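Keep the picture in view as you read.

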Amino acid sequence: MKQGDAGQSTLFLFDQYWWIIFLTIFLALLYSAYTRRKDPHCVGGKVLRHDLAARISHWFNAGGILILIFSGLGLGFLMFPRLVEGTEGAALMFNLHFVGAVLFLFGAVYWVGNTFLSPKRLEEHSPYKGSLKDAVIHYAHMAGLTKKEGGLTGKYEASERLAFIPLTFLALTMGLSGLIKMSAHIWHLPSGLTTFATVTHDWSTIILVILLVFHVVLAAVVPWAWPLLKSMITGWVPVDFVRSHHKGWYKELLEEGVCELPESNKQEKGKGGDDVK
Amino acid sequence: MSNSEEVKFGGMDRRSFLKALAAAGIAATGAGAAFMLPGTNIMVMPNSKGFLVVDMGKCMGCDTCMMTCSLVHHGEASLSLSRIQIQQDAFQSWPNDIHMAVCHQCEDAPCVKACPVEADHVDVLFGNIRTIDPDRCIGCTQCIDACPWLPKRLQWNPETNKVQKCDLCANTPYLRDKGGPGGTQSCVKVCPVGAIAYIDKMPDQDDTTAYNVNLRNKAWKSLGMSDEDIKREG
């Protein structure tokens with residue numbers, strides 16, 4: 001390619017199709033406005049933990065973030081001149097980053113729309129007073145360091161609820177700084193603003209990658225999390241698992257009347273037994 | 001089923017608010033996308049509000065314009081830092097002995113389109129001039145290569161290792177007057193024979209000789225010199 005041609009003939013999605021990013025945001029909002037969520041309920045020994053909307057939101061986020069990290073690190077290596085062989089590599093990484101941004105934004109904004117419609121779901125995710133203590137006791141118990149189990153675990157564990165704040169903050173930081181960086185492809189922004197956005201974007205990425213490793217290990221790799229991983233695909237989790245690992249949530253399901261006690265427990269209850277153990 | 005419909009937001013239920021917000025956003029995005037020219041990778045470029053034209057038959061090659069250009073932009077009189085370029089060929093006779101090269105502020109500027117980092121841009125704050133932000137320029141020289149004219153109307157600055165070009169004196173820290181379109185152009189101001197002029201009407205972009213005009217008048221002719229029109233490209 002002749003020098004000078006690259007800037008004119010190479011396809012950069014961020015330059016040519018920047019509007020798809022904004023369209024994605026508003027389409028996700030529109031989709032959430034037409035989404036009817038399903039609350040948890042029991043069917044045949046299983047509990048609906050994640051409805052379709054939750055799974056769409058999660059996997060769009062997951063796919064988008066993985067592509068963003070891969071392509072973002074690829075772009076970082078292109079800052080070393082000796083690793084750059086041509087413009088095509090940079091274009092490929094930029095365009096992959098664009099695809100990742102579209103997926104991530106759709107998942108994230110769809111979640112924001114759904115949460116805006118159902119504020120109570122935000123409460124499920126948010127940390128509560130004593131979250132840190134419960135999380136420490138929980139993992140100490142799992143490691144066999146203590147016999148105490150902490151408070152009754154709700155739909156989401158204390159550690160998950162603790163992680164919610166930094167993860168949401170990071171997603172917000174990365175999304176906004178990314179939009180500023182992308183806007184520089186459309187408008188002429190002050191160089192100070194783009195530099196600030198770039199530094200913020202880069203540091204957010206590093207922190208997110210670290211947190212992501214913890215998330216993947218605790219939510220997918222360790223055996224006790226496998227039913228939850230499966231539920232993020234199918235939506236359903238066995239009642240037995242909920243009864244043993246999420247006692248607080250199981251209690252709520254019983255109180256709301258969306259799940260029934262198993263026959264054995266009913267008999268025990270008739271004899272004065274406790275329904276949640 | 002969630003209780004979302006019961007939750008109000010600003011007088012309307014949240015679901016209706018989300019629908020209205022999304023519809024407005026989609027409409028705004030569509031309008032923004034429609035503002036782009038099909039097949040190009042940047043938005044429609046608004047025309048520059050000012051242009052420099054020259055009379056190559058009038059220029060006497062004193063280089064005052066070059067020295068002044070460098071002076072008002074960089075604080076030093078250096079021919080190497082000038083954005084207007086005067087070339088002289090001792091083996092040619094008038095009017096081909098001198099060639100004046102000024103930036104055309106092109107309608108669909110190839111240098112702006114070639115810049116991969118938006119350093120070369122249309123500055124809407126200064127009359128839509130095509131100019132380079134030195135803080136953004138990475139020195140890739142693709143803009144120089146993309147310029148269709150010879151000599152190229154963008155210059156390599158050997159002191160900053162970045163590209164520079166004529167900005168109609170918009171960014172001139174060493175010029176007392178206000179520069180840019182509608183203001184002072186130092187080369188126009190200092191030319192002793194008035195061989196450079198500032199106009200606000202865009203020359204014909206299809207005519208390669210359009211920026212070379214006749215700035216000579218009767219007084220010039222009365223000195224015994226030619227006032228004939230000269231057709232030269234550049």
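## Two helices crossing

Let's start with a pair of helices in this predicted model: α8(A) passes α9(A) in a left-handed crossing.

Who meets whom? On the α8(A) side, the residues include A:L167, A:L170 and A:M174, and they meet a set in α9(A) that includes A:A197, A:H201 and A:L208. Sort the residues of this contact by type and you get 11 nonpolar, 9 polar and 1 charged.

## A look along α9(A)

Helix α9(A) has 31 residues, and from its first C-alpha to its last it reaches 43 Å, close to the 45 Å expected at 1.5 Å a residue.

Which residues of α9(A) are buried? They are A:T194, A:A197, A:S204, A:T205 and A:L208. These buried residues pack against α8 and also against α4 of chain A.

## Chain A as a whole

Now zoom out. Chain A is built with 13 helices and 3 strands, and of its 277 residues, 30% are buried. Take the contacts in chain A between residues at least 6 apart in sequence: 71% of them join residues at least 24 apart.

## An enclosed helix

How many of the 15 residues of α3(A) are buried? The count is 11, so α3(A) is largely enclosed by the rest of the structure. Among the buried ones are A:I21, A:F22, A:A28 and A:L29.

In soluble globular proteins, nonpolar side chains tend to be buried together. The largest nonpolar core in this model has 34 residues, and A:L29, A:L105, A:F106 and A:V109 touch the most other members. Elements giving two or more residues to this core are α3 (19–33), α4 (52–77) and α5 (87–117) of chain A, together with α1 of chain B. The largest share, 15 residues, comes from α5(A).

Leaving out residues up to four places away in sequence, A:F106 touches A:T24, A:A28 and A:F60. There is also a second, separate core of 29 residues, which includes B:V53, B:C59, B:M66 and B:I129.

## Where the chains meet

The two chains touch: 30 residues of chain B are in contact with 31 residues of chain A. On the chain B side, α1 (14–34), α3 (110–114) and α4 (142–146) each supply at least two residues. The largest share of that side, 11 residues, comes from α1(B).

What is that side of chain B made of? Its residues divide into 13 nonpolar, 8 polar and 9 charged.

## One loop residue in chain B

Last stop: B:V124, in the loop between β6 (120–123) and β7 (129–132) of chain B. Is B:V124 buried or exposed? B:V124 counts as exposed, because it has 11 C-beta neighbours inside 10 Å, and the cut-off for exposed is 12 or fewer.

B:V124 also shows how sequence and space can tell separate stories. B:V124 and B:S48 are 76 residues apart in sequence, yet their C-alpha atoms are 8.8 Å apart in space.

Note on methods
Residues are numbered from 1 along each chain as its sequence is written. Chains are lettered from A and ligands numbered from 1 in the order in which they are written. This is a predicted model: local features need pLDDT of at least 70, side-chain atom pairs count only at pLDDT 80 or more; totals for chains, interfaces and linings use all residues. Two residues are in contact if their C-beta atoms, placed from the backbone, lie within 7 Å. Helices (H or I, at least four residues) and strands (E, at least two) are DSSP runs, numbered from the N terminus. Ala, Val, Leu, Ile, Met, Phe, Trp, Tyr, Cys and Pro count as nonpolar, Asp, Glu, Lys and Arg as charged, and the others, Gly among them, as polar. A residue is buried if 20 or more other C-beta atoms lie within 10 Å of its own, exposed if 12 or fewer, and partly exposed in between; C-beta atoms are placed from the backbone. A crossing is left-handed if the near helix is turned anticlockwise from the far one by less than a right angle, and right-handed if clockwise. A nonpolar core is a set of buried Ala, Val, Leu, Ile, Met, Phe, Trp, Tyr and Cys residues joined through C-beta atoms within 7 Å. The expected span of a helix is 1.5 Å times one less than its number of residues.
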